[in-house]
Amino acid sequence: MKKTLFVFGLAMITLVGCKNEEKKEVINAETIDEVVSDVVDEHNSQNSLDWSGVYEGTLPCADCEGIKTVIELKEDNTYTISQTYLKGPENTEEFKNNGTFSWDEAGSKVILKNGEETSQYKVGENQITMLNANGEMAEGELADFYILKKK
């Protein structure tokens, strides 16, 4: 009987003393990138920023000193735009227009529509940036001139 208890006790100590080795996953930069790309961020310019208001700036112009531009984005998805072509101290041309705008799927760009004409702007904190026809931001020396600041 003592031998049986001794063997039983030894077996218990052996079982308790054994570690259950778990397979541990190594996390590296590639794994983190995969996890981060799977996380969907529901915040965007449309639902996170105070985007309605008046924006102004002077856009580049090929044959004039610049185009003074004022855009008002309204909560009801309408806009007004005033563009003044600066051709010299006494020579300016002003165009005013209005229409409706919509948001892109990501909620980061507004698309201004007026009949057949459209223009796109990326909405940021207290500014909008005019985009090219492909919806891309300007690059190079003149890139900052495509930004309209909120008043």
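1. For the residue classes used here, Ala, Val, Leu, Ile, Met, Phe, Trp, Tyr, Cys and Pro count as nonpolar, Asp, Glu, Lys and Arg as charged, and the others, Gly among them, as polar. On that basis the lining of the largest pocket has eight nonpolar, five polar and two charged residues.

2. The model is predicted: local features need pLDDT of at least 70 and side-chain atom pairs count only at pLDDT 80 or more, while totals for chains, interfaces and linings use all residues. Residues are numbered from 1 along each chain as its sequence is written, and side-chain values use heavy atoms, with hydrogens and water left out.

3. The pocket (an open set of points on a 1 Å grid over the protein atoms alone, where a 1.4 Å probe fits, with protein on both sides within 12 Å along at least five of seven lines) holds about 310 Å³ of space; the volume is that filled by probe spheres set on the points, which are joined across faces, edges and corners. Its lining (residues with an atom within 4 Å of a point) comprises 15 residues, with Ile81, Gln83, Asn97, Glu117 and Ser119 nearest the centre.

4. Leaving aside residues up to four places away in sequence, Ile128 touches (heavy atoms within 4.5 Å) Tyr55, Ile71, Leu73, Tyr121, Lys122, Val123, Tyr146, Ile147 and Leu148.

5. There are four aromatic pairs, counted for rings of Phe, Tyr and Trp (its six-membered ring) with centres within 6.5 Å; planes under 30 degrees apart are stacked, over 60 edge-to-face, the rest tilted. The rings of Trp51 and Phe101 are edge-to-face, because their centres are 5.7 Å apart and their planes at 90°. Both residues, Trp51 and Phe101, are buried (under 20% relative accessible area with a 1.4 Å probe, protein chains only; exposed is over 50%, partly exposed in between). Ring pairs link Trp51, Phe101 and Trp103 into a cluster.

6. Tyr85 and Phe95 also form an edge-to-face pair, since their ring centres lie 5.6 Å apart with planes at 90°. Tyr85 is in strand 3 and Phe95 in strand 4, ten residues apart. Tyr85 is partly exposed at 24% relative accessible area, and Phe95 is partly exposed at 43%.

How values were computed: Helix = DSSP H or I, 4+ residues; strand = E, 2+ residues; numbered from the N terminus.
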